[in-house]
Amino acid sequence: MSINQEFKPKIVAFCCNWCSYAGADLAGGSRLSYPADVKIIRVPCSCRVNPMFILRAFERGADGVIICGCHPGDCHYSTGNYYARRRMTLLFSMLDYLGIEKERTRVEWVSAAEGVKFSTTMNEFVSAVRELGPNRRLGDLRCKD
Amino acid sequence: MNGIGVFVCHCGSNIAATVDVKKVVEMAKLEPGVVHAEEYQYMCSEAGQERIAKAIREKKLSGIVVCSCSPRMHETTFRKCAEKAGLNPYMVEIANLREQCSWVHKDINEGTEKAVILTRAAIAKVSLNTSLYAGESGVTKRALVIGGGIAGIQTALDIADAGYEVDIVEKTPSIGGKMAQLDKTFPTLDCSACILTPKMVDAAAHEKINIYSYSEVEKVSGFVGDFTVDIRKKARYVNMDKCTGCGACMEKCPSKKALSEFNSGLSTRPAIYTPFAQAIPNVPVIDPSQCLKLKNDKCGLCERVCQAGAIDYKQEDEIVTRKYGAIVVATGFEVIKLDNYDEYAYSQSKDVITSLELERIMNAAGPTKGHLERLSDGKAPKNIVFIQCVGSRCADGKGKSYCSKICCMYTAKHAILIRDKYPDVNVTVFYIDVRTPGKNFDEFYRRAVEEYGVNYVKGQVGKVTPEPNGKLTVHGVDLLDNKQLKVEADMVVLAAAIEPSPEVRNIATMLTASIDTNNFITEAHPKLRPVESPTAGVFLSGICQGPKDIPETVSQAGAAAVKVIGLLAKDKLLTNPCTAKADELLCNGCSACFNVCPYGAISYEDKLINDHGVRETRRVAVVNNALCQGCGACTVTCPSGAMDLQGFSNRQIIAEVDAICR
Amino acid sequence: MKKFLKSDLNALLDIISEKERIYLPVSEAGQTNYAIYNENSKVDLDTLKTVKSAKEVFFPQSETLYTAFMDGKKIRIAQEELEKEEFVLFGVKACDVRGIEVLDKVFLSEPVDSFYKARRDHGVIVALACGEPEESCFCKAFGIDCAEPEGDVALYDCGDYYFWDVKTEKGTALTEKCASVLSDAEEAPVKEKQEEIRKIVSLLPYMNISLDSWKGATTDEKFNSDVWEELYKPCLACGTCTFVCPTCQCYDIKDYKTKNGVQRYRCWDSCMYSDFTMMAHGNNRTSQLQRFRQRFMHKLVYFPANNDGMFSCVGCGRCVDKCPAAANIIKVIKAFEKEGNR
Amino acid sequence: MSHANNKTAAAKIAEISGTNPLKCMKCGKCSASCPAFDKMDIKPHQFVSYVVNEDIDALAKCESLWYCLSCFACVERCPRDVKPGKIVDAARQMVVRQKGGNYLSANEIPALIDDDVPQQLLVSAFRKFRR
Amino acid sequence: MQRLIDRMKELLADGTVQRVLGWKQGDLGYNPEPHYFNSAEELDEFIYDGFCGANLSKYMIKGSELEGKTLVLLKPCDTYSFNQLIKEHRVDREKAYIIGVGCKGKLDIEKIKAQGIKGITAVKGAEISGDCDELTVETVYGEKKVAYKDAMLERCHVCKGKEHKIYDELLLDSVDTCDGDRFECVDELDSLTPEEKFNFFRKELSKCIRCNACRNVCPACSCRKCVFDSNKFDSAQKANVDPFEESMFHIIRAFHVAGRCTDCGECSRVCPQGIPLHLFNRKFIKDINEFYGEFIAGEDAETKGPLTDFTLDDIEPGERR
């Protein structure tokens, strides 16, 4: 499959304030680049990410959604990411039924110290989404204009 | 109608180099609700803040977006600025154009396009922001220090000296910690006990300090200023009030097979014991796994010899519940288990020992009364080999990835002490690097080489093989000579890595403090807030935060104390207003939120609800704002969407999603 | 009277669909609903009742009214275009045809609903007499003869042929277009068929249900009856009855946030929903009893009172078939009949 | 080998061995553990530097490649997961590939095996030459 | 059934209960409706037969607000829902007197009609006291025979068992009706390619008319106000213009009831468009079982649900064990 370089996917990244958002800041501080297609939304914890947000993003034309949180065991709120992990595991397995390829959704644990991981994760994720091409299946037709 | 102001910071050239800030301003002006947009060199500067304040006042802005560096950097700055100008501080949103845009994207078109979108998202969010007001909570003027080593003792002393009450919880029968086990300290070679025991005595005697020895923290609830802690005082079987510390019981105890923890298992102790002679409190404990009376109701000798009548076999664990305003974690370290390093024959030969064991051997109160001798046959060693970095700096998953920091110095100390006392003993140190940053540290190491003739060889040891003649062959390499070496040794000392005490994981969970992959507690900021945990009111002292030597530990202990004092000096604390809030009209009272709340912040009340004219009593969720930390777990578990998070509401996040996907 | 061979049905549809859209019952994923005909459609004229009635062709479940969008800082509005192409609604049963008449009363009286009117003006209705009416049917109670449907053209399923009876000018125009497939026919088989249908109708349990007590009903008496208290209890407050009903015409107008503006659309609403006619002050019907009562009072009392006695129920029986709790208009009518006899 | 070729060869070795030579902290534990140390012209810990410095020509020519017993003591003990043994193995493999297909096929081997050869040597030989 | 009626009358008479929540006879032989009986005389219209599929546990949310105790009849599968509602504080156990009634499999009139049977005037053989082998359907076109099994609801073929999980007393016998694997349908779906899955669900969901019958009948969907009716998420759309609307509604609904859904199958039973909605719930149940260990919602009224619980080494999203 050839990678469509022209295609600029819309990627929504939900990052928890304490680890992953800080990890993204560290990636910035270390000048570790990743595609500008990634736009970060700061949430206090990965457990704040409601499946509604993810579906909303796809509805509005996102091509990929990634959720980043503290490593299991390191949640600032001690247990938030464990709940997030279960929720996303189930949700993702259902999105498959509605035609969202599993490569379009991802959960990654990125600590505040893992600027490198943040950047490589985003690079990988974006190229995986690019390879899939635009998300046409779960978009709302009314959102095109 | 909204009046939103957008302020785009150049951050010198940090942002402006890869983001066309003028374009961002221009595009921001087109967004609904935006009535003001400008750019400036440094928004966080005084002049920059003044511009913001002026715009807020003059244009009566209802919300502002600052497009600048990470909110983790300057959100507080801009909130304060807004507040001064008369705007609610929570009407401020930051678009992170530096760390998450200009610094990671090189192409100015891409950078600008993304900056515009991030700004748009922040505008969309801020237009849904509502004014939030911090609540107030009181401060219990007492601190808890978990761990009674040098870190805990110093922190407690400093806090107590400032006039606040401190409780120390120490899991072993005596305070003192690892430092009490050390023989001498580098680089001055002071006797460890000589400098530590006075501090222990000070702590015990201090009217503001209360020591819970042989106790553990069982449960922590509450929040900064108002923690409630359950402390389990383990049954000592000795009445602390009656015991005079005469020691008769320990002498008479017939069960003497237990390995002495204090002597690193190199000697035995009785079932009723104090860990060491200078123990504080000087009250023994009975080890129920060893005591014949407690095990099978025989013996009872100690009870008979105790003139004070202090022995109480019926004693049970006791839970003490106390309130604290602040908690300091000073749980210290352990030496790692060497199971993964069989090549060094630690498990095969008694003459392969760890450095901490050597400390005990060298110590006059130790198992050999301070004589340097082989544990296998009691003979004096002629050749001693030290192996550095055992389990430290390992990337292979067997050991620790970090440098344990103290080994280079204590090995130099050991080498010097040995060569000083036993000049005929040859000492070889196999090292990878010798790391001696610290005052007088390198000089100390050089003295070992230059004055004491310690043979430092660069190269890690491959393996140690015990020989039939009782000797040990050390298979090493001299990388500088490019030669393989086989050194015959009588004793091998391993500088084993140190790791945080295993309890710290449990304690951190109770405190909701985060822990890194190595079990060190994460500090709130690695450089700027090194003694605070991200959880408000929880502070860090000593090795629980990262490897450090005694001077560093003591300085950090003092620093943690200062932070605690600063907190306890306040009468009221402001609480985070970004808490969860239940919409009573939508709440089902189903308890889903209660089940996921890590702080026990949610309770239920039967309330009379007026739902659009329908009046009925309903079970509804109520959030305790002082307990809620704002994680949002409840908001997602709530099916009806009754539970929302202030400052990160559903509609705000959806607005951001919409803005990004537009 | 014309006729065409059943085997020519597709030929007929193809002729029409060359120029015009055809809406007709199509089976998709196990259910039959009205859909636009294309060569892949699984046309299903045998199923008696489509799940949704034919009303959605003239009054779609959702339709955009206009779109407002941001042009810089200005707001611009794009009006949705009215229907301007001719289309054919094919295979409509007598009850649904009457349903459309009911809707006409609502949407074509002042103020005229331009979207609806445009569709009505451009739509040609080809009705189809019922083959085997079912136990839930009670069209006869409303004076509808399912053996002789209204419409622009009426079709009759007689053996190998569909008979084609032109009823209006629109029907004549359509007949001309389809002349190549149609042939002349005598009326006898149709009469025979009608008799057959009417015989079945006479056997069905609900067909002779009496609406006498509702004719010229006093609103207060019905409204204040205790019977509602019993009747509403099983109701789940879902909108199934409303959405399958050929005459329910309530809609909500909502805004859909598009990428840079809003799309104002209207969509079917149900008086069974708790947020129906929700206003800033709250809701004017706060209990399910009130909402349940509203639906039937509207169909049987309020609507006839305002429309010369025309009930806004056509006896299609869809609600009887589909109500998850088996609460339906028949039970309401019967309960009041019992109440009256008490 | 040209500079560019050395560069690709170095990358190839890293790829075949699956190790990252940059992780080496030059502790020398590999050399300390190596039973064939004395026979080697380039010492185990140096293998890593040769790859890092992209001096593959020298590495390819060295005797050490053939003295390595593939005992994997260095692989087992390397604290940095650099695994010099794997690097040697990779270098050897590269040399063998370059020399062309003049190595044994599996079918030829049984006839050539001396019954007295210790099993361990055979295993080691297979490790070295199997590819 | 007489035994049941007598017992109910007894409990009404001695004041144990104030009313009975059961089923009232319909007029077509197959359309009984849930009904509150306030007196012994009213019970003359009571019926309990094969067509009494409706799960009455949800009616007990309102029932719990009424004065005094309500006698409620629960089939084995309904008791799971009732337990779940207790767990969520939506019903009051003290306000309910539960008679666990036996079940011989419930009937789906749609399945009878799908066999081409029209103009039904009566159905015989659906009585709970009978042996439930064969139904005799009287129609205006004559009498037809249908095997009881062939007219059973899908859910009864994969029945979780005829054991009542909560009751005050038990009456009437049950017959095991399970002759299929509950998760076979999920396995079949999972074996499809993403494209096939997408096409399958798009076809099914595009039939959805947003009538909310599935939601309103669902005992797990017990919210006072559904998120899709409130503006909390900007999600109240009511429209069905685009497949996304339905997808969103149905996935979120399935997600919200995940770990709480007892697989009672009411959603599929009531869907006017015959959408196999239970597939979504089954999928989640199967995943939960696979990922976090066997969990049956409503088996008791205490155990924490899988989505309000966790273990430290849970599977990672997107991973399969």
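Visitor: Domain bounds come from an automatic or database domain assignment. What does that assignment give for chain C?

Guide: The model is a predicted one. In chain C, the assignment gives domain 1, spanning 2–203, and domain 2, spanning 212–341.

Visitor: How many Å separate the centres of domain 1 and domain 2 of chain C?

Guide: The centres of these two domains of chain C, taken over C-alpha atoms, are 25 Å apart. Across the boundary, 34 residues of domain 1 of chain C are in contact with 29 residues of domain 2 of chain C.

Visitor: Which elements give two or more residues to the domain 1 side of that contact in chain C?

Guide: These are β4 (62–71) and α3 (94–107) of chain C. β4(C) gives the most to this side, with nine residues. By class, the side of domain 1 of chain C that touches domain 2 of chain C holds 18 nonpolar, seven polar and nine charged residues.

Visitor: And the contact between chain C and chain E: how many residues does it involve?

Guide: On the chain C side there are 38 residues, in contact with 35 residues of chain E. At least two residues of the chain C side come from each of α6 (188–203), α9 (240–244), β11 (251–258) and β12 (261–268) of chain C.

Visitor: Which of these gives the most to the side of chain C that touches chain E?

Guide: β11(C) does, with four residues. The residues on that side of chain C divide into 19 nonpolar, seven polar and 12 charged.

Visitor: Staying with chain E, where is E:Ala151?

Guide: E:Ala151 lies in the loop between β7 (142–147) and α5 (154–157) of chain E.

Visitor: Is E:Ala151 buried or exposed?

Guide: E:Ala151 counts as buried, because it has 29 C-beta neighbours inside 10 Å, and the criterion for a buried residue is 20 or more.

Visitor: What does E:Ala151 touch?

Guide: Not counting residues up to four places away in sequence, E:Ala151 touches E:Leu107, E:Asp108, E:Lys111, E:Ile112, E:Leu135 and E:Val146. E:Gly50 is 101 residues from E:Ala151 in sequence, and their C-alpha atoms are 9.8 Å apart in space.

Visitor: Changing topic, how do α1 and α5 of chain B pack?

Guide: Helix α1 (residues 21–29) and helix α5 (residues 108–126) of chain B pack at an angle of about 40 degrees, with their axes 9 Å apart. α1(B) and α5(B) are therefore oblique to each other, since angles under 35 degrees would count as roughly parallel and 65 to 115 as roughly perpendicular. The crossing of α1(B) past α5(B) is right-handed.

Visitor: Which residues make that contact?

Guide: From α1(B) they are B:Lys23, B:Val24, B:Met27 and B:Ala28, and from α5(B) they are B:Thr112, B:Ala115, B:Val116, B:Thr119 and B:Ile123. By class, the contact has six nonpolar, two polar and one charged residues.

Visitor: How many residues of chain A are in contact with chain B?

Guide: There are 42 residues of chain A in contact with 42 residues of chain B. The elements giving two or more residues to the chain A side are α1 (20–29), β2 (38–43), α2 (51–59) and α3 (80–95) of chain A. α1(A) gives the most, with six residues.

Visitor: Finally, what is the secondary structure of chain D?

Guide: Chain D comes to nine helices and zero strands. Of its 131 residues, 38% count as buried. Among contacts in chain D between residues at least 6 apart in sequence, 71% join residues at least 24 apart.

Key
Residues numbered from 1 in each chain as written. Chains lettered and ligands numbered in written order. Predicted model: local features only at pLDDT ≥ 70, side-chain atom pairs only at ≥ 80, totals over all residues. Contact = placed C-beta atoms within 7 Å. Nonpolar A, V, L, I, M, F, W, Y, C, P; charged D, E, K, R; others polar. Axes fitted to C-alpha atoms, helices over the stretch in contact; angles between N-to-C directions. Parallel < 35°, antiparallel > 145°, perpendicular 65-115°, else oblique. Left-handed = near helix turned anticlockwise from the far one by under 90°. Buried ≥ 20, exposed ≤ 12 C-beta atoms within 10 Å, placed from the backbone.
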